[in-house]
Amino acid sequence: MNTFINKTVLITGGTDGIGKSLVLQFLGFGANVVTCGRSQQKILALEAEAPMGKLSVLPVDVTNEKECEKMVLHTVKMFGGIDILINNAGISMRGLLEDAGPGLIPVIKKVMDVNFYGSLYTTAYALPYLIKSKGVVVGVSSIAGYRGLPGRSGYSASKFALQGWLESIKTEVASKGVHVMWVCPGFTASNIRNVALNSKGESQGESPLDENKLMNADECARRIIISIQKRKRTLVMTFQGKETVFMNKFFPGLTDKLTRRFFFKGGELVK
Ligand SMILES: NC(=O)c1ccc[n+]([C@@H]2O[C@H](COP(=O)([O-])OP(=O)(O)OC[C@H]3O[C@@H](n4cnc5c(N)ncnc54)[C@H](OP(=O)(O)O)[C@@H]3O)[C@@H](O)[C@H]2O)c1
């Protein structure tokens with residue numbers, strides 16, 4: 001991975017999960033890395049784990065446009081430009097519209113704010129520098145960006161929005177040498193389900209999946225980095241993820257039924 005030596009990578013949400021694995025692996029390949037998160041505790045933990053000099057971790061909430069602008073300017077000031085932007089910061093949710101009614105609206109807005117608008121803000125401010133470097137913009141999407149998932153309506157909406165938007169700007173900036181791509185992990189062991197918002201907008205505090213049986217964040221990050229090196233258009237991960245995307249494209253009615261069977265038992269959302 002000599003490709004990444006002294007390249008500058010800006011990764012949002014790099015203090016935990018997949019983002020943290022991306023940060024540590026890019027540092028291992030000799031890249032300069034700037035990342036962010038909201039929790040001071042996680043920022044300090046990452047700083048303690050990573051070699052200093054090549055890494056800068058900022059307390060930035062990507063739902064704040066001004067903070068995203070400052071993060072981009074900080075990256076350019078510190079390392080002279082941006083070669084790769086990875087829009088990774090994301091949150092999930094779990095709640096049914098029929099149960100929560102209009103109560104679900106603020107939850108969905110919050111998810112859109114982080115997953116879609118956070119990516120929009122960061123990319124908009126970073127784009128001039130990415131044009132200069134003929135760099136790469138990556139969106140960390142999800143299988144939920146190809147197939148609407150029950151109980152995660154706002155999450156799916158945010159990832160469909162992210163992919164549609166990235167596909168649009170991909171075509172806009174292709175002639176400038178900027179490569180725009182999106183990567184779609186399947187279920188990956190991380191903190192995302194513990195902190196997913198319930199119908200009241202609070203962290204649900206548990207995972208409905210057996211996290212030990214899922215792909216781990218390091219493997220997910222490894223595959224993302226290879227896809228960036230190869231400048232792939234998209235990356236869909238896990239057998240279940242690939243199967244879902246294929247089935248939904250060619251057999252959407254059947255996939256509606258299979259999806260319902262996977263997430264519900266006895267009429268109740270169990271996953
Ligand atoms: N894990 C999966 O199964 C899975 C599957 C498909 C796609 N993905 C996608 O992968 C990405 C990473 O998820 P993950 O599973 O690694 O989640 P995670 O373990 O919960 O990590 C999320 C990271 O994003 C940061 N973050 C959250 N909200 C933020 C905000 N408003 N501003 C700045 N940073 C923020 C978190 O730090 P703070 O909380 O301290 O801010 C943390 O560093 C997300 O886009 C997610 O949708 C995950």
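Me: How many helices and strands does the chain have?
Reply: Nine helices and nine strands. Keep in mind that this is a predicted model.

Me: And how compact is the chain?
Reply: As compact as a globular protein of that length, because its radius of gyration is 18 Å and the globule rule gives 18 Å for 271 residues. Along the principal axes, the C-alpha atoms fill a box of roughly 55 × 40 × 35 Å.

Me: What share of the residues is buried?
Reply: Buried residues are 42% of the 271 in the chain. As for contacts with a separation of 6 or more, 71% come from residues 24 or more positions apart.

Me: OK, ligand. Which residues are closest to it?
Reply: Gly13, Gly17, Ser39, Gly90 and Ser190, out of 31 residues that surround it. The elements giving two or more residues to that shell are α1 (17-28), β2 (32-37) and α5 (104-133).

Me: Which one gives the largest share?
Reply: α1, with three residues.

Me: What's the shell like by class?
Reply: 15 polar, 12 nonpolar and four charged residues.

Me: Switching to Val76: where does it lie?
Reply: In helix α3, which covers residues 65-79.

Me: Why does Val76 count as partly exposed?
Reply: Because 18 other C-beta atoms lie within 10 Å of Val76, and buried would take 20 or more.

Me: What is Val76 in contact with, leaving aside neighbours within four places in sequence?
Reply: Gly81, Ile82 and Tyr129. Pro128 is 52 residues from Val76 along the chain, and their C-alpha atoms are separated by 11 Å.

Terms used. Residues are numbered from 1 along each chain as its sequence is written. This is a predicted model: local features need pLDDT of at least 70, side-chain atom pairs count only at pLDDT 80 or more; totals for chains, interfaces and linings use all residues. A residue is near a molecule or strand if its C-beta atom, placed from the backbone, lies within 6 Å of it. Helices (H or I, at least four residues) and strands (E, at least two) are DSSP runs, numbered from the N terminus. Ala, Val, Leu, Ile, Met, Phe, Trp, Tyr, Cys and Pro count as nonpolar, Asp, Glu, Lys and Arg as charged, and the others, Gly among them, as polar. A residue is buried if 20 or more other C-beta atoms lie within 10 Å of its own, exposed if 12 or fewer, and partly exposed in between; C-beta atoms are placed from the backbone. Two residues are in contact if their C-beta atoms, placed from the backbone, lie within 7 Å. The radius of gyration is taken over C-alpha atoms; the globule rule is 2.2 Å times the number of residues to the power 0.38.
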